[in-house]
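Trainee: I would like to understand the labels used for this protein. Could you walk me through them?

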Amino acid sequence: MRTLAGQGGAAVVLAGPEAQPHGDVTELASACAAAQLPLLVPSRPAPAADVVDTVHTAMRQAATAHAQRATSVLRVVDRLYRSSGAPDALLPHLGDITDAGVYLANPGSYGWNLLKALGCWEALMLARRQGARTAVVSDSGQHIVLIPFGHYAPHPVLIGVRDAQAGPWPTHLRDLLTLAATQTALLRHPLEVEEREETWRRARRAHRAGIMHALMIGQREAAVRMAEPDPELHLTGRDAVTAVLACAPRSREDLVQLCEAELPHALVMPCPGCTDHILIAAPALDHVGRTLHTALSELLAGERHEGVGVSTPTPWGRVPQGYAAARRALATAEPGTLATYSGTADLASVLATVPGATRWARRVVAKTDAGGGRRVDLARLALTAGVPGAASLANTDRSHVRRSLIEVLNVMGLDHREMPHRAVAELAFQLAAIDDADHNGAQDVDDLPGPEQVPTALDDLLSSDAARYWARATLRPLLEAPAPPGGWLGPHATRQDDPVALLVEFISAGCSVSATAKELGINRRSTRSRISAAAAALGLPLTQTRGCEPHPALWALIAGGHLPPTHTPDPADPITPRLFIPRQLSTATTDWPRDRHHTENPT
């Protein structure tokens, strides 16, 4: 029967003198079914021509039914393609028109593992080695057809199962499954391409996030090595610009994808420590000569955002300082606008021109040389962004960052719990970083303390003309700002209403709103609103006290004579070591003489 079917036979007809059925024809019917040939048993005598016409009619009807089934499959496929539907919606329709169970086994799924357990995988591999695309397996009376499809290995498999009562798979139904497998592959191809692009995009983002983590802890060499496989990244240039984009949390992912697509030469990362910030670090000039400020202005022209803070160009090794500057610039940015860091809030840039400033910073920072580079880098990042933010930016544990901060500041003779101590440490690290960038880490002979030289103290730096001018420029917007309702110090203040006095109380209270409210005799809500008004005038996020945000206000008050020099310790002063007075025991008020440069150190 199989030979007859292979030669083009269409049916088996009982004819001749013994055409009338007698006895059992079960064996003949089984053989015909195995060869997929219909068995025709005449019910009455008929000439051969009528039998041939009957067979041709049956063949035409079968071909028409097969064409209708194929058309219905293509119609369903077209509907799924237009609606971007999943290919799995085609399986129930295939089961209805084939009267069998049709399943889709994806790699790693339960059906995929069941194929291996039933031994169907070996039959599929054997059929593939023989050049066939379809494998047929009979197991426990069930007839299983396996059709792999797809471009990428491992290939998913379309499975058709018929029970023993339905019999083996006819050729036209197997052809229908093959057509369905081909159409399923076409439906899945856009989804597979999109999934692979998404996987590549996530891997690229994770790789660039690792580079950003390395830059945030000062490991520029490691970041350059990590960026070598990416041809679009160039970290070997001199300067970089850092930006912080504020947006609504629900729209952050869309803005991140937009920045990644339009700024291929920049490092773009959702801020892990703040759900509404996006970090961007890019070369000072991109491949077409645009600055980051210009590129972001063009990119975000039609997008809704809460503002962008952009730093000035800094070396790649000072990305954490650029991040701090961008955050300070963000505090002055209006929603939908970009603000560039002006440099007026950076005391380190001003003191870098004062003789002896870098010598003082090197004496303070030299105590940390034996503490390990990574530990010092984590401490520096914690001084800038706070312990939680540093842990997120460095992709490490908070306890590890806090321990690094404690150990480094203990070595420097400072207390990590006090904001003035953290401000002194940050100033020393900033001055040392500026000196390293200018001299490539080499010490100048003129800066080395000689026998006749008196080491510069922190008081001398803060009393310099440059520091005093910077303090006046920093506090001028606050002095010119209109007073809130009820005055800066509240309606029951006994002193002259002065915004600087409010700032002094806030800084003296350790940046605690509750302690400031208690000192002023007003409620916390009113105190917070007054501090927010002062912060808006200064362009400093004073209420964010975990990082370096209040440090410029502290330095402006000390350099301007509004706070005593005893408010900050000097770990590099070997002549008159200063005893730090905790804020709980301090009696300093705004009555401290404004011209403190003609007064003695009260300690």
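Mentor: Gladly! Helices (H or I, at least four residues) and strands (E, at least two) are DSSP runs, numbered from the N terminus. Ser 30, for instance, is found in helix 2 (residues 26-34). This is a predicted model, in which local features need pLDDT of at least 70 and side-chain atom pairs count only at pLDDT 80 or more, while totals for chains, interfaces and linings use all residues. Residues are numbered from 1 along each chain as its sequence is written, and side-chain values use heavy atoms, with hydrogens and water left out.

Trainee: Why is Ser 30 called partly exposed?

Mentor: Buried means under 20% relative accessible area, exposed over 50%, and partly exposed in between (1.4 Å probe, protein chains only). Ser 30 has 43% relative accessibility, so Ser 30 counts as partly exposed.

Trainee: What makes Arg 201 and Glu 198 a salt bridge?

Mentor: A salt bridge is a side-chain nitrogen of Lys or Arg within 4 Å of a carboxyl oxygen of Asp or Glu. For Arg 201 and Glu 198 the N to O distance is 2.5 Å, and their side chains meet in a salt bridge. Both lie in helix 7 (residues 171-216), three residues apart, about one turn of the helix.

Trainee: Is Arg 201 buried or exposed?

Mentor: Arg 201 has a relative accessible area of 16%, so Arg 201 is buried.

Trainee: Where is confidence lowest and highest among the helices and strands?

Mentor: pLDDT is the predictor's confidence in each residue, from 0 to 100. The lowest mean is 65, in helix 1 (residues 2-6), and the highest is 90, in strand 8 (residues 267-270). For the chain, the mean pLDDT is 78, and 85% of its residues reach 70 or more.
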